[in-house]
Amino acid sequence: MDAFTRFTNQTQGRDRLFRATQYTCMLLRYLLEPKAGKEKVVMKLKELESSVSTGRKWFRLGNVVHAVQATQQSIHATDLVPRLCLTLSNLNRVIYFICDTILWVRSVGLASGINKEKWRMWAARHYYYSLLLSLVRDLYEISLKMEQIAHDRAKKKKSSFQNPPEHSVADEETEWLQSFLLLLFRSLRSHPPLLLDTVKNLGDILNPLNQLGIYKSNAGVIGLGGLISSIAGIIIVAYPQMKLKIR
């Protein structure tokens with residue numbers, strides 16, 4: 001109970017819970033819409049989704065400051081690739097939150113002259129750039145882990161005196177794929193923070209891809225991706241040691 005209280009006392013924790021609720025409503029609404037007699041349930045889910053989405057905007061009002069602080073931290077990363085990717089990603093996130101704040105101002109009626117569609121597209125574009133750069137960083141980290149595991153395996157094989165097993169032509173053709181998938185699995189299994197960060201970014205990127213028309217998805221796919229991403233985010237907030245560290 002104490003852990004849950006600490007989690008909900010954090011702005012990010014409450015936002016993750018609201019986000020998970022929002023995407024759960026989206027997914028359930030998509031699943032129930034084709035079924036007869038579920039009109040009232042679908043309407044209630046739609047209303048709840050809209051209310052939760054509006055509530056989340058309040059939690060995100062101060063995120064510009066957090067994004068600026070994250071940018072300042074990423075500049076000091078020792079590795080060039082994470083430093084470049086994270087800095088550019090956080091800068092795009094700053095612009096995204098500025099656009100999101102302007103959309104919030106428009107939604108509450110403080111500035112009715114704002115072009116809602118234009119700012120929404122700008123927000124989606126910079127959110128997409130931020131996630132894409134974060135995924136590049138994830139792929140870089142994964143490649144380093146895979147390289148390290150492959151190096152360790154090669155050392156073990158070299159130190160052993162067993163004769164290598166014979167392979168057929170079919171085995172040789174598929175060996176590279178099997179080795180790659182095995183290395184990928186072992187790399188992610190041995191580094192849960194990297195797995196969570198990758199899953200979170202992959203789930204998040206579906207929404208801007210759909211908004212920008214790069215890859216069209218239905219509400220069910222976006223809802224499922226958002227829910228999985230939200231669960232990963234909840235774990236990261238609840239257990240700070242699961243956050244991918246900046247090297």
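This is a predicted model: local features need pLDDT of at least 70, side-chain atom pairs count only at pLDDT 80 or more; totals for chains, interfaces and linings use all residues.
Residues are numbered from 1 along each chain as its sequence is written, and side-chain values use heavy atoms, without hydrogens or water. Local features need pLDDT of at least 70 and side-chain atom pairs pLDDT 80 or more, while totals for chains, interfaces and linings use all residues.

**Overview. A chain of 9 helices and 0 strands.** Helices (H or I, at least four residues) and strands (E, at least two) are DSSP runs, numbered from the N terminus. Of the 247 residues, 37% count as buried. Buried means under 20% relative accessible area, exposed over 50%, and partly exposed in between (1.4 Å probe, protein chains only). Among contacts (heavy atoms within 4.5 Å) between residues at least 6 apart in sequence, 75% join residues at least 24 apart.

**View 1. The nonpolar surface patch of Leu 80, Leu 84, Leu 88 and Leu 91.** Its area is about 370 Å². Patch residues have over 30% relative accessible area and no salt bridge; like charges are joined within 9 Å, nonpolar side chains (Val, Leu, Ile, Met, Phe, Trp, Tyr) within 5 Å. A salt bridge is a side-chain nitrogen of Lys or Arg within 4 Å of a carboxyl oxygen of Asp or Glu. Accessible areas come from the Shrake-Rupley method with a 1.4 Å probe; for residues, only the protein chains shown count as cover. Leu 88 sits in helix 5 (residues 80-107). Leu 88 is partly exposed, at 37% relative accessible area.

**View 2. Helix 8 (residues 192-211).** Its 20 residues reach 30 Å from first C-alpha to last, close to the 28 Å expected at 1.5 Å a residue. The expected span is 1.5 Å times one less than the number of residues. Because 14 of the 20 residues are buried, helix 8 is largely enclosed by the rest of the structure. Gly 213 follows helix 8, with a positive phi near 75°.

**View 3. Leu 48 in helix 3 (residues 39-59).** Leu 48 is partly exposed, at 39% relative accessibility. Met 26 is 22 residues away in sequence and 9.6 Å away in space, C-alpha to C-alpha.

**View 4. Aromatic pairs, 4 in total.** Rings of Phe, Tyr and Trp (its six-membered ring) pair if their centres lie within 6.5 Å; planes under 30 degrees apart count as stacked, over 60 as edge-to-face, the rest as tilted. Tyr 96 and Phe 97 form a tilted pair, 5.1 Å centre to centre with 50° between the planes. Trp 119 and Trp 122 pair edge-to-face, at 4.9 Å and 75°.
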